[in-house]
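Dear colleague,

Please find the structure below, handed over for your work.

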Amino acid sequence: MQIRDKRAKILIGILAVLVGIVAFRVVANILARSDEAKSSRQGRVAVVTADHPKRQTIVPKFRFSGTLDPIWQADVAAKVDGRIEKVLVEEGQAVTAGQPLAVLEQADTSANLLNARGLYMDAKTNYEKAQTDLQRYETLYGQGAISQETLDNMRFALENARGKLNAARGNLKLRESESGGTTVLTPRAGIIQKRYYQEGYYAKTGTALFNIADISTLRAKINVPEGYVSSIEPGGTVDFVIESMKGNDKHVAGTITHISPVAEGASRTFEAEVGVDNGDGRLRGGVYADTTITAVPKENALTVPLSAIVMRDDQRTVYVIQDGHAVRRIIKTGYIGDNLVEILDGVTEQDLVITGGQNKIREGSSVKVSGEKD
């Protein structure tokens, strides 16, 4: 047993020495290769493309998405309780302002109206009698035939009759309105989108019977970011692309009609309203559209290609070449689109900005512009 234990210890010792030798050589190789790579990088010159920022007139275009909704849409309700006797329109039918849509039964409203007229005539007669009586009593008072109290009572009677006449007049107007409410009218021209009930349904006051939409003009509401709102104005053109349409009908022109003067909450966006003429009825309300707003042209804007921009620590930066080395600059940008970036601050026209090959460089790297001679 002792001989076996000694052999095992010797074997373990030999294995430990071998593992140590292998580990040492692996680490030495890694360090050597790292030194070689570092040395290689220090002596390497990266070939890049570069150009100077250019001054030009840009026409910013901003892209959003939204829906084209009717300029007006509403439910039309019954003004009085009543059973529907006639429905006069169908879904999809065009209607004009004030056109009858349905007729409710009129028996109860007609009876109420007759009663209100009778009460009004009675109140009017009593008021006129009270006026005549007061005139006569004033004459008698002037002759000393009646007392002041009797004359005052007649004056009070006249005021009471006037109050009852006003109440009767108000009740008559109410009943006339109810009688007129048995014919349901459209308040505005449009298209019948929905007819909710057929003849025979008992409608309560306020029950929606029809939904009507005016689609002669469609409207889109777009939330414009704070940084873009100064570049657009009412009257500006808008291009809608409606994928559900076919052929050339996909492209529809619109006009900015209104821009909110106040930003909405934490989003810091401004609501812009865009109108689209749909007098020919080729478009349907509620269709989804991709929107391109053409902003006010900006003259003499300083620009660089979009490929020049490098994001570092959530900041837009570019590399410029100084004395053969790459130097990183943080920039302030304006409009970004059409493969170019408007530069507001950070570089000038005299700077040579790297536009390609940034993946091969870092701050301080030696660089050479492609095509330059050594």
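A residue is called buried under 20% relative accessible area, exposed over 50%, and partly exposed in between, using a 1.4 Å probe and protein chains only. Please note that this is a predicted model, in which local features need pLDDT of at least 70 and side-chain atom pairs count only at pLDDT 80 or more, while totals for chains, interfaces and linings use all residues. Residues are numbered from 1 along each chain as its sequence is written, and side-chain values use heavy atoms, with hydrogens and water left out.

The whole structure holds 16 salt bridges, each defined as a side-chain nitrogen of Lys or Arg within 4 Å of a carboxyl oxygen of Asp or Glu. One of them joins the side chains of Glu226 and Arg268, at 3.8 Å from N to O. This pair links distant parts of the chain, 42 residues apart: Glu226 belongs to helix H4 (residues 226–229), and Arg268 to the loop between strand S12 (251–259) and strand S13 (269–277). Helices (H or I, at least four residues) and strands (E, at least two) are DSSP runs, numbered from the N terminus. Glu226 is partly exposed at 43% relative accessible area, and Arg268 is partly exposed at 41%.

Another salt bridge, at 2.4 Å from N to O, connects Glu159 with Arg162. Both residues lie in helix H3 (residues 148–180), 3 residues apart, or about one turn of the helix. Glu159 is partly exposed, with a relative accessible area of 47%, and Arg162 is partly exposed, with 28%.

Yours sincerely
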